[in-house]
Amino acid sequence: MPARIDVHHVAKLASLTLTDAEVQRFGEDLQTIVAYVAQLDELDTADVPPTAHVQLDRLPLRDDVVKPGLSHEDAVAQAPAVEAGGFAVPKFVE
Amino acid sequence: MKPGVIDIAESVRTGRVAATQVTAQALERIEARNPGLHAFLHVADAEAMAQARAVDGKRARGEALGPLAGVPVAIKDAICTRGLPTTAGSKILAGYVPPYDATVIERLRAADAVVVGKTNMDEFAMGSSNENSAFGPARNPWDTARTPGGSSGGSAAAVAARLAPCALGSDTGGSVRQPASLTGTIGIKPTYGRVPRYGLIAFASSLDQISPLATDVRGAARVLSVIAGHDPRDSTSLDVPVDDFEAACGRSVKGLRIGVPEEYFGEGLDEEVGTRVQAAIAYLKAEGCVVRPVTLPHTRFAVAAYYVLATAEASSNLARFDGVRYGLRIDPDSELRAMYGATRDAGFGAEVKRRILLGTFVLSAGYYDAYYLKAQRVRTLVRRDFEAAFRDVDVICSPTSPTPAFRLGEKADDPLAMYLSDVYTLPASLAGVPAMSVPCGATAAGLPVGLQIVARPLDEATMLAVAAACEVAFPCASPP
């Protein structure tokens, strides 16, 4: 079990800008929850395979065929910013 | 007692009543009751009346009507509805209007149902009390100082107050069964993969399942039969035949073996809830069921395993809310990473942030094996518990929730206490097996108590037979 969860690091990984008060509060909450989760260590699971998903063996795949989808207009209709028919984002390369 | 799903559909099909009349009555009732209950976030007055007119038009032209002809349906706001706002209870999606219908909505419309509105929910289905809705909680019609449960609390409150005879919710760890229990309604979580999730805003993809609620078992079964069945747009949707769920409600339960797990009747269970549930099991025994003890030894580890797995999946699923393609954007200094961070900080509520952080942590380098992989292994143990128990019994009966409806505010500041209120519903979710909640009486204070019935994978039919038998003694009551 980790001594201390680095909330700043985790928030960065999650693309969340947190206030100092949030860092404090969520840090305490996470520590409590992770301490509770530590009870899983009581179980010896060395020989138990993980379950990622309950029915992977039965999942069907559809044929790879092009079908009509959303129109271009519908696809961008809800975007906060649109330029030249595309999703507009702030600059991310110099 | 307001008419249920089947009464309405048959009356509309035979022309005894017009769909427009049923819809207008439902909308009037919503208008009168919703301000006190906050069950609906959006009421679709005009669209509902248009849909009802279309149903009446079909009948006037002599066309055959579908199995939900003119039936008002309330839809959890996590399910995409073309042209109707869909927020998942979050500020980050305030004002979002999907350009397409979820598969279940297409199927409801094809069955001639009438969508009357979008119901309140915990933000992104994360919560057990509705208090995590960014728009304020729904309230329990039995006592408006109390929660209707969560996360599908708005759908449950709407059905309990007879604002609609049926609704759709989604159940990831109990989000339909627990609200059904707390509001005295029927809530069915089908087998994982039974109902396609195309158009459901994802929370935890290996667990999420769209689930109907209704005022009676047959009505819920009919809604399930409409929405179930393979959809090529959801790769987790099972390509298996849809059973006649309604006919299953008439099956005899004589000789069925009911397992009662001791782990579900221990510490933390409200005494009155335990008594009501035991009385319902005794009733089923008197009806000819064979009752025997079973053991599900890993039950007490389910909460810990669930909160690792569900938050891990949520942290990944909710990465899509980034202020680019839809929803809120906060852009303080025109820099991409800062825009992501500011948008997500402003758009998500506290519980969603908490779960994204927890999920990100358990997936992060150095902790993956200790938490995520460990929880996946424990999930296998929980599945094996059910597999072993179902070698000896046909269904498993237990309380749905350890307590009746609690007061709003009672657990709001203690995330772990809130998580533990899902202790009886999470194991069936982890195992992917079907489970439902049916009323089994009330506490001395008049609060509903729910019986959970769990069955083998794809054996909703046997579960529904037991539920229908139970309903004879414990029908859904109407709140005062």
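B:R194 is buried, with a relative accessible area of 3% (buried means under 20% relative accessible area, exposed over 50%, and partly exposed in between, using a 1.4 Å probe and protein chains only). Its salt-bridge partner is B:D243, at 3.3 Å from N to O (a salt bridge is a side-chain nitrogen of Lys or Arg within 4 Å of a carboxyl oxygen of Asp or Glu). B:D243 counts as partly exposed, at 32% relative accessibility. This is a predicted model, in which local features need pLDDT of at least 70 and side-chain atom pairs count only at pLDDT 80 or more, while totals for chains, interfaces and linings use all residues; side-chain values use heavy atoms, with hydrogens and water left out. Residues are numbered from 1 along each chain as its sequence is written, and chains are lettered from A and ligands numbered from 1 in the order in which they are written.

**Salt bridges**

- Over all chains, the structure holds 23 salt bridges.
- Side chains of opposite charge can pair when their charged atoms come close.
- The bridge between B:D243 and B:R194 meets at 3.3 Å. B:D243 lies in the loop between α7 (217-227) and α8 (245-248) of chain B, and B:R194 in the loop between β5 (186-189) and β6 (209-214) of chain B, so the pair ties together parts that are 49 residues apart in sequence. Helices (H or I, at least four residues) and strands (E, at least two) are DSSP runs, numbered from the N terminus.
- B:K118 and B:D77 also meet in a salt bridge, at 3.2 Å from N to O. Because B:K118 lies in strand β3 (residues 114-119) of chain B and B:D77 in the loop between β2 (72-76) and α4 (103-110) of chain B, the pair ties together parts that are 41 residues apart in sequence.
- Are these two partners buried or exposed? B:K118 counts as buried at 0% relative accessibility, and B:D77 is buried at 2%.
- B:R61 and B:E63 pair through their side chains at 2.8 Å, N to O. Here B:R61 is exposed, with a relative accessible area of 58%, while B:E63 counts as partly exposed at 37%.

**Aromatic rings**

- The structure holds 15 aromatic pairs over all chains. Rings of Phe, Tyr and Trp (its six-membered ring) pair if their centres lie within 6.5 Å; planes under 30 degrees apart count as stacked, over 60 as edge-to-face and the rest as tilted.
- The rings of B:Y307 and B:Y419 are stacked, because their centres are 3.7 Å apart and their planes are at 10°.
- This pair links distant parts of the chain: B:Y307 sits in helix α10 (residues 302-317) of chain B and B:Y419 in helix α14 (residues 415-420) of chain B, 112 residues apart. Both B:Y307 and B:Y419 are buried.
- One aromatic cluster is formed by B:Y96, B:F124, B:F321, B:Y326 and B:F348.

**Backbone details**

- B:F124, a member of that cluster, has a positive phi of about 50° although it is not a glycine. B:F124 is placed in the loop between β3 and α5 of chain B and is buried, with a relative accessible area of 2%.
- B:A88 is a residue other than glycine with a positive phi, near 55°. B:A88 lies in the loop between β2 and α4 of chain B and is buried, with a relative accessible area of 0%.
- Which peptide bond is cis? The bond from B:G150 to B:S151 is cis, with omega near 5°. B:S151 is found in the loop between β3 and α5 (153-160) of chain B.

**Surface patches**

- Patches are made of residues with over 30% relative accessible area and no salt bridge; like charges are joined within 9 Å, and nonpolar side chains (Val, Leu, Ile, Met, Phe, Trp, Tyr) within 5 Å. Accessible areas come from the Shrake-Rupley method with a 1.4 Å probe, and for residues only the protein chains shown count as cover.
- A:V89, A:F92 and A:V93 make a nonpolar surface patch of about 300 Å². A:F92 lies in the segment after β2 (86-87) of chain A and is exposed, with a relative accessible area of 58%.
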